[in-house]
Amino acid sequence: APVPSHFEPGSGLPSENSHPPLIMLADDHELVLQVIAEFLEVNQYHVIKVRNGYELLERVEEIHPDILL
């Protein structure tokens, strides 16, 4: 699959000239949501947290994340 242009090949991180990947993270367990979000944010990802799959489905059309977890 092609790699989005805002990623630096091989690094898994965005290039300097781009925005950090936007990840919409859904989990109904608050602790899991917090731990995963902190890990992603430390690794330079922008995270939108939602409390469950229903909220994800309601918000995905307005936010247009790069990745859904």
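Which elements make a right-handed β-α-β unit? They are β1, α1 and β2. Welcome to a predicted model of a chain with two helices and three strands, arranged along the sequence as β-α-β-α-β. Here is a short tour, starting with the sheet and ending with the confidence values.

**The sheet**
- The three strands form an open sheet with the order β2-β1-β3, and their pairing is parallel.
- β2 (46-50) and β3 (67-68) are the edge strands, each with a single partner, so one side of each has no neighbour in the sheet.
- Strand β1 covers residues 22-26 and pairs with β2 in the parallel sense over five bridges.
- To follow that pairing residue by residue, start with L22, which stands opposite H46 in β2.
- I23 has V47 of β2 as its bridge partner.
- As background, strands of a sheet pair through backbone hydrogen bonds, in either a parallel or an antiparallel way.

**Helix α1 and its place on the sheet**
- Helix α1 spans residues 30-42 and lies across β1 and β2.
- Relative to β2, helix α1 runs at about 170 degrees.
- Together with β1 and β2, helix α1 makes the right-handed unit from the opening question.

**A closer look at E30**
- E30 belongs to helix α1.
- E30 and K49 are 19 residues apart along the chain, and their C-alpha atoms are separated by 9.9 Å.

**The chain as a whole**
- The chain has 69 residues, and 28% of them count as buried.
- Its accessible surface comes to about 5000 Å², with 56% of that belonging to carbon and sulfur atoms.
- Taking the contacts between residues at least 6 apart in sequence, 52% join residues at least 24 apart.

**Confidence in the model**
- The mean pLDDT of the chain is 84, and 75% of the residues reach 70 or more.
- Over residues 1-5, pLDDT stays under 50, and the model has zero contacts there beyond four places in sequence.
- A friendly reminder for anyone setting up a calculation: where pLDDT is low, the predicted coordinates should not be read in detail.

Technical notes. Residues numbered from 1 in each chain as written. Predicted model: local features only at pLDDT ≥ 70, side-chain atom pairs only at ≥ 80, totals over all residues. Heavy atoms only, no water. Helix = DSSP H or I, 4+ residues; strand = E, 2+ residues; numbered from the N terminus. Buried < 20%, exposed > 50% of the residue type's maximum accessible area, 1.4 Å probe, protein only. Contact = heavy atoms within 4.5 Å. Areas by Shrake-Rupley, 256 points an atom, 1.4 Å probe, with all protein chains shown as cover. Pairing = 2+ DSSP bridges. Axes fitted to C-alpha atoms, helices over the stretch in contact; angles between N-to-C directions. pLDDT = per-residue confidence, 0-100. Right-handed = clockwise from strand over helix to strand, strands pointing away.
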